[in-house]
Amino acid sequence: MSEILGVRNLAVSYGHIEAVKDISLALNQGEITALVGANGAGKSTSLLAISGLVKPLRGSVMLDGVDLTRLPPHRIVQSGVVQVAEGRAILTTLTIAENLALGAYTRKDKAQTARDLEWVYALFPILKQRNAGLAGNLSGGEQQMLAIARALMAKPRVLLLDEPSMGLAPLMVQEIFRIVQEINRTGLTILLVEQNVRQALRIAQHGYVLENGRIVLADSGAALLNNPKVVEAYLGG
């Protein structure tokens with residue numbers, strides 16, 4: 001598989017604290033890559049740096065050989081790297097339809113945008129049924145669906161998902177992970193950040209384990225699921 005997104009020696013600091021310490025990631029076209037670890041390991045900070053929402057201390061982010069590292073966030077989105085933020089960050093006082101329209105704000109291809117909207121509604125039928133309702137009236141799981149749907153309307157080449165299962169009931173967690181796999185089957189490359197290590201590694205072709213801002217393990221998702229160190233630290237082994 002060919003690499004679509006490459007992160008090289010990325011470091012991020014908050015004042016004197018280096019939260020991410022020279023990590024390198026390789027995302028292959030059309031695959032799910034999981035970045036897992038405990039709370040505070042630096043997972044979300046890594047995504048924010050890839051998205052341009054925090055500036056790295058050093059290192060680079062390359063999309064198909066194009067350097068995104070110094071671009072502003074909106075240009076990174078236009079380049080095809082789109083993040084679903086932790087906590088969803090939907091606009092609760094707007095309707096579902098308005099939230100989805102905002103996702104497609106920078107697009108000029110109206111016919112394809114309309115087709116993508118129908119695809120998104122097919123993925124998330126509840127959003128179509130309630131598209132005129134306020135986003136704030138959705139349940140937590142439905143808001144997560146809307147956040148993913150809004151990101152898809154930006155037509156990403158790489159989708160960054162930050163803790164999509166956080167705070168959801170077990171049945172909704174299963175549904176969210178099923179949807180992530182369904183989206184991936186269309187060929188979309190996904191970087192999945194998760195504290196739910198077992199679920200993330202089950203669906204990921206490749207995985208990285210982050211501890212205290214450093215990559216400590218990298219392997220296939222299946223191999224990491226069976227790695228004694230991962231089992232002991234994260235899977236209750």
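Glu 163 is buried, with a relative accessible area of 5%, where buried stands for under 20% relative accessible area, exposed for over 50% and partly exposed for values in between, computed with a 1.4 Å probe on the protein chains only. The model is a predicted one, in which local features need pLDDT of at least 70 and side-chain atom pairs count only at pLDDT 80 or more, whereas totals for chains, interfaces and linings use all residues. Residues are numbered from 1 along each chain as its sequence is written, and side-chain values use heavy atoms, with hydrogens and water left out.

Glu 163 belongs to the loop between β7 and α7 (170-184); helices (H or I, at least four residues) and strands (E, at least two) are DSSP runs, numbered from the N terminus. When neighbours within four places in sequence are left aside, Glu 163 is in contact, meaning heavy atoms within 4.5 Å, with Lys 43, Glu 86, Gln 144, Val 193, Glu 194 and Gln 195.

Val 173, Ile 176, Phe 177, Ile 179, Val 180, Ile 183 and Asn 184 are the buried residues of α7. Seen down the axis, these residues of α7 fall within an arc of 155°, so they line one face of the helix; the arc is that of the directions from the helix axis to the C-beta atoms. The elements against which the buried residues of α7 pack are β3 (32-36), α4, α6, β7, β8 (189-194) and α8 (197-203).

A similar description can be given for α4. Helix α4 (residues 110-123) has 14 residues and reaches 20 Å from its first C-alpha to its last, close to the 20 Å expected at 1.5 Å a residue. Buried within α4 are Thr 113, Asp 116, Val 120, Tyr 121 and Leu 123. These residues cover an arc of only 150° around the axis, which puts them on the same side of α4. The cover over the buried residues of α4 includes α3, α5 (125-129), α6 and α7.

Open space in the model was examined next. Rolling a probe the size of a water molecule over the atoms shows where empty space is left. On a 1 Å grid over the protein atoms alone, a cavity is a set of points where a 1.4 Å probe fits but cannot get out, whereas a pocket is an open set with protein on both sides within 12 Å along at least five of seven lines, and lining residues have an atom within 4 Å of a point. Grid points are joined across faces, edges and corners, and a volume is the space filled by probe spheres set on the points.

The largest pocket holds about 520 Å³ of space and is lined by 20 residues, of which Val 77, Val 82, Gln 83, Arg 150 and Ala 151 lie nearest its centre. Two or more residues of this lining come from each of α2 (73-79), β6 (81-84), α3 (96-103) and α6 (140-152), and β6 gives the most, with four residues. By class, the lining of the largest pocket comprises 13 nonpolar, five polar and two charged residues, where Ala, Val, Leu, Ile, Met, Phe, Trp, Tyr, Cys and Pro count as nonpolar, Asp, Glu, Lys and Arg as charged, and the others, Gly among them, as polar.

For the second largest pocket, the volume is about 180 Å³, and the lining consists of 13 residues, with Gly 40, Ala 41, Gly 42, Lys 43 and Thr 45 nearest the centre. Helix α1 (residues 43-51) gives the most to this lining, with three residues, and the classes are four nonpolar, six polar and three charged residues.

Asp 22, found in strand β2 (residues 17-28), has a positive phi near 60° and is partly exposed, with a relative accessible area of 34%. Lys 155, in the loop between α6 and β7 (158-162), has a positive phi of about 55° and is partly exposed, with a relative accessible area of 42%.

Definitions and conventions: The expected span of a helix is 1.5 Å times one less than its number of residues.
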